[in-house]
Amino acid sequence: MTAPVIVVEDRQDYALLTINRPEKRNAMNRQARTEMMQALTALQGGPKAIVITGTGASYCAGMDLKESVTDREQGITTANQEWRDVNVAMRRHPAIMIAAVNGYALGGGVTLINVCDLAIAADTAELGMPEIGFATYPGLAGPSTQLCLGRKRAGWMILTGKRIDARTAEAWGLVNQCVPAAELMAAADTLARHVAQFDATALAACKGALDTVPAVVTDWRQAFDFGESTNALIRDTTDAQRGGMERFHAGQRNPGQGRTGS
Ligand code: COA
């Protein structure tokens, strides 16, 4: 039996998914794509947060380009669709996805940051889209980066193929935080546990709103209506809002309240 290349760990409040193909710089081959999809399916309705990281010097070096060549020779044409399905499944997943970017994130590795809701990068990490060197538009990394960055910054990555370091990625907003490499997993652990203290329905609704508002809502009135309807949806699904109000009324603090806001 082949060893798994996506290692799933239950960390109580969250799940940790580690891409474990360090000898191939965590390039996403068919096995990795399949196992990632299986893991995402198995974790539906489970942990409220999922941290994604890679083993070794690379977060993810993108699609497995050598397998792509073998695929082409064998007439297999499903690779891009499989990869798209994985990334859409991450966006649609109710859990909050957190990228812990431990090293190189190239091509599909950048996509794997962009589809996460939050991202922390080691200060040694580098992000880039080398596709222009293959005379290619980065099919998923390109559009997902353009949804996150302004035109010149996205253009810098897409048109020059130059990598940006983690500090630049933080300054541009492609990741939330850049931390010393040795502190990366502790920072991701703290963030995942922080997120996991909130209500699951509210988290999933807020995650959905992060996509829906910029994509669909075009004016302020519509934006406010959307906010109201999102809360109505949460109330229809859980009484967590009422619980929060009752706790506050009784002089207790909800997570995120109080002077420290932690
Ligand atoms: N697909 C398939 N194999 C890959 C790969 C990818 N995207 N990225 C790296 N590998 C493989 C290499 O072919 C090599 O395999 P081998 O030992 O069987 O020859 C192994 O991983 C190590 O790669 P190497 O280039 O020697 O490692 P490095 O530490 O010097 O450099 C990278 C690491 C990630 C900077 C470099 O491998 C790289 O640029 N990879 C290509 C990334 C890319 O273009 N991604 C875009 C995909 S759309």
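Trainee: What covers the buried residues of helix 3?
Mentor: Happy to walk you through it, and keep in mind that this is a predicted model. Among the strands, the cover includes strand 3 and strand 5. The helices in it include helix 1, helix 2 (65–74), helix 4 (108–114) and helix 9 (200–216).

Trainee: Why do the buried residues of helix 3 lie on the same side?
Mentor: Start with who they are: Ala-79, Trp-83, Val-86, Asn-87, Ala-89 and Met-90. They sit on the same side of helix 3 because, around its axis, they cover an arc of only 155°.

Trainee: And which exposed residues does the face turned away from the buried side carry?
Mentor: Helix 3 spans residues 79–92. Its face turned away from the buried side carries two exposed residues, Asn-80 and Arg-92.

Trainee: Now the sheet: which strands are at its edges?
Mentor: The sheet is open, with 6 strands in the order 1-2-3-5-7-10 and mixed pairing. An edge strand pairs on one side only, and that holds for strand 1 (6–10) and strand 10 (177–179).

Trainee: Within strand 5, which residue is the bridge partner of Ile-52?
Mentor: Strand 3 (residues 49–54) and strand 5 (residues 96–101) run parallel and are joined by 4 bridges. In strand 5, Ile-52 has as its bridge partner Ala-99.

Trainee: At about what angle to strand 7 does helix 8 run?
Mentor: Helix 8 (residues 184–196) lies across strand 2, strand 3, strand 5, strand 7 (118–122) and strand 10. Against strand 7, the direction of helix 8 makes about 165°.

How values were computed. Residues numbered from 1 in each chain as written. Predicted model: local features only at pLDDT ≥ 70, side-chain atom pairs only at ≥ 80, totals over all residues. Heavy atoms only, no water. Pairing = 2+ DSSP bridges. Contact = heavy atoms within 4.5 Å. Axes fitted to C-alpha atoms, helices over the stretch in contact; angles between N-to-C directions. Expected span 1.5 Å × (residues − 1). Buried < 20%, exposed > 50% of the residue type's maximum accessible area, 1.4 Å probe, protein only. Arc of directions from axis to C-beta.
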